[in-house]
Amino acid sequence: MATKASRSAARLMMAPAVILLLGWMLVPLTMTLWFSFRKYLPLRGGDLGWAGFDNYTRFVTSSAFWPSVMATLTVVGGVLIITVCLGVLLAILLDQPMWGQGVVRILVIAPFFVMPTVSALVWKNMFMDPTNGLFAHLFKFFGAEPIAWLSQASMPSIIMIVSWQWLPFATLILLTAIQSLDSEQLEASEIDGAPPLKRFWFIILPHLGRAITVVILIQTIFLLSIFAEIFVTTGGAFGTKTLTYLIFQRVLESQNIGLGSAGGVYAIILANIVAIFLMRIVGKNLDN
Amino acid sequence: MARSVNTQRKALNTAVAWAIGLLIFFPILWTILTSFKTEGQAISDPPVLFMFDWTLENYSVVLERSNYARFLWNSIFIAVGSTILGIIIAVPAAWSMAFVPSHRTKDILLWMLSTKMLPAVGVLYPIYLLFIKMGILDSRVGLVIVLMLINLPIIIWMLYTYFKEIPGEILEAARMDGASLKEEVLYVLTPMAIPGIASTVLLNIILAWNEAFWTLNLTAAKAAPLTAFIASYSSPEGLFFAKLSAASTMAIAPILILGWFSQKQLVRGLTFGAVK
């Protein structure tokens with residue numbers, strides 16, 4: 001049983017972390033909220049007073065808003081579908097007996113450790129370049145006309161790059177989950193003559209349910225704010241301007257702080273909706 | 001009979017898994033190979049995989065013209081600095097939550113996690129402004145602070161799950177033997193917690209090394225780390241594939257090696273204990 005002295009010692013030990021995180025959360029958040037109600041243009045007159053809900057309505061009625069919502073949904077949705085589907089298949093494959101399992105695992109996980117600016121630039125230039133990229137060589141080899149990936153198929157290209165980065169994460173987590181599956185149950189169903197597809201559908205997939213949910217939620221939070229991949233490839237052109245990128249442009253490029261801050265508040269609300277679901281799962285896990 | 005079927009299946013699994021593994025790894029392999037080619041060979045059609053004249057020229061060109069050492073030093077300083085600072089703040093917090101839990105511990109842990117969900121772009125301008133006011137824009141110290149704060153929840157969570165696994169009986173036994181709180185932490189807890197702390201350090205160095213929102217937006221010439229160094233290659237200048245590859249290889253090599261050591265901790269660290 002903890003004594004009174006150890007309780008107050010514990011509180012003292014937690015204080016720095018709690019105070020720092022509280023400051024990190026409250027100070028910028030309050031400032032963003034404040035700016036979002038101001039007409040604030042640092043390069044064109046500075047703080048020009050209250051704007052009411054002007055910034056909020058202008059942000060959602062600007063012509064760039066809905067396309068950016070669509071772009072965000074397309075990237076997040078596309079990457080989630082690809083990484084979860086391929087991740088499940090890969091995890092099952094990696095769980096099978098084979099030679100050199102450890103090495104294959106390392107090969108599959110590697111992309112996760114590549115910094116975003118590197119993976120985006122490597123894909124952009126060495127694979128997707130319309131004249132010298134490997135894809136262009138491949139297309140020409142098969143007699144097809146090479147395409148300018150990042151301008152003609154900008155969205156699929158971005159989804160491909162980001163999926164490559166996140167597939168290892170999904171695979172690794174799903175593999176960990178599969179390995180915790182009771183192998184006796186699987187063997188029993190195998191002896192009972194259940195075909196592989198049925199085993200997958202009725203035993204493996206339900207067991208993976210929670211891991212898949214966790215992958216989806218965590219990836220969504222990270223994917224909602226991807227930045228570097230767009231920054232160094234298209235710079236937001238060709239329909240790849242996501243909500244995050246649009247806010248970045250409003251704030252740092254056109255220096256319209258009020259408008260950008262209102263956008264930021266929308267982004268925070270959006271992220272929080274996803275976060276609530278994630279926290280619920282994590283919280284449940286803390287209890288047992 | 002059954003055995004040969006099993007061997008066959010194993011051989012098939014092996015072939016398929018290796019093929020897919022190599023396919024996924026290929027962009028990295030291709031980057032490393034290209035870094036040893038001449039610019040001409042780097043874009044040759046048909047492409048060459050291994051049969052080219054290996055050269056180190058790209059590395060010397062990149063090293064010469066870009067002050068690579070400074071970017072590298074910035075990356076190391078920021079990644080290691082923010083991790084050490086984070087650990088110093090997180091260890092006591094995680095220790096107290098794991099061993100002296102109160103009815104609020106769970107809420108505090110979840111609240112800490114929720115700060116991690118705050119989208120960076122939502123607070124970009126306030127941080128930018130505060131950095132200008134404090135004179136730490138484009139400084140390593142500023143980035144150390146920001147990266148420490150964004151990774152602090154992950155550090156605390158990882159340490160918490162590791163500390164939780166240390167059996168409480170050992171602590172009680174030490175207490176019975178008359179160990180003071182200080183002795184308890186120093187001689188009983190620390191040795192048992194070292195592996196967990198080490199994995200936490202490793203994962204956080206990786207996360208800080210690869211962070212590419214704040215490092216791109218809060219630095220210019222002085223404090224820019226490797227993420228920004230690579231981003232400067234986004235506007236092409238003539239033939240540059242081989243040089244880009246050399247620069248990329250140098251930027252990712254250290255972390256690839258660290259990453260392979262930390263793959264097991266990755267799951268724990270990034271799912272906050274929701275998947276074990």
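This is a predicted model: local features need pLDDT of at least 70, side-chain atom pairs count only at pLDDT 80 or more; totals for chains, interfaces and linings use all residues.
1. As background, an α-helix has 3.6 residues a turn, so residues three or four places apart point the same way. The reader may wish to trace the listed positions on the structure with that spacing in mind.

2. Helix α10 of chain A runs over residues 196-224 and has 29 residues. Its end C-alpha atoms are only 36 Å apart, whereas a straight helix would reach 42 Å at 1.5 Å a residue. Where does α10(A) bend? The bend, of about 50°, is at Gly209(A).

3. Chain A as a whole contains 13 helices and two strands. Its radius of gyration is 24 Å, well over the 19 Å that the globule rule gives for 288 residues, so chain A is more spread out than a compact globule. Along the principal axes, the C-alpha trace of chain A spans about 75 × 75 × 30 Å.

4. Of its 288 residues, 42% count as buried. When contacts between residues at least 6 apart in sequence are considered, 70% of those in chain A join residues at least 24 apart.

5. Chain B has 13 helices and zero strands. The C-alpha trace of chain B spans about 75 × 75 × 35 Å along its principal axes.

6. The corresponding figures for burial and contacts in chain B are as follows. Of the 276 residues, 46% count as buried. Among contacts between residues at least 6 apart in sequence, 80% join residues at least 24 apart in chain B.

7. The last point concerns the contact between the two chains. Chain A supplies 87 residues to this contact and chain B supplies 83 residues. Which helix gives the most to the side of chain A that touches chain B? That helix is α1 of chain A (residues 4-36), with 18 residues. By class, the side of chain A that touches chain B has 68 nonpolar, 18 polar and one charged residues.

Conventions: Residues are numbered from 1 along each chain as its sequence is written. Chains are lettered from A and ligands numbered from 1 in the order in which they are written. Helices (H or I, at least four residues) and strands (E, at least two) are DSSP runs, numbered from the N terminus. A residue is buried if 20 or more other C-beta atoms lie within 10 Å of its own, exposed if 12 or fewer, and partly exposed in between; C-beta atoms are placed from the backbone. Two residues are in contact if their C-beta atoms, placed from the backbone, lie within 7 Å. The expected span of a helix is 1.5 Å times one less than its number of residues. The bend at a residue is the angle between axes fitted to the seven residues ending there and the seven starting there. The radius of gyration is taken over C-alpha atoms; the globule rule is 2.2 Å times the number of residues to the power 0.38. Ala, Val, Leu, Ile, Met, Phe, Trp, Tyr, Cys and Pro count as nonpolar, Asp, Glu, Lys and Arg as charged, and the others, Gly among them, as polar.
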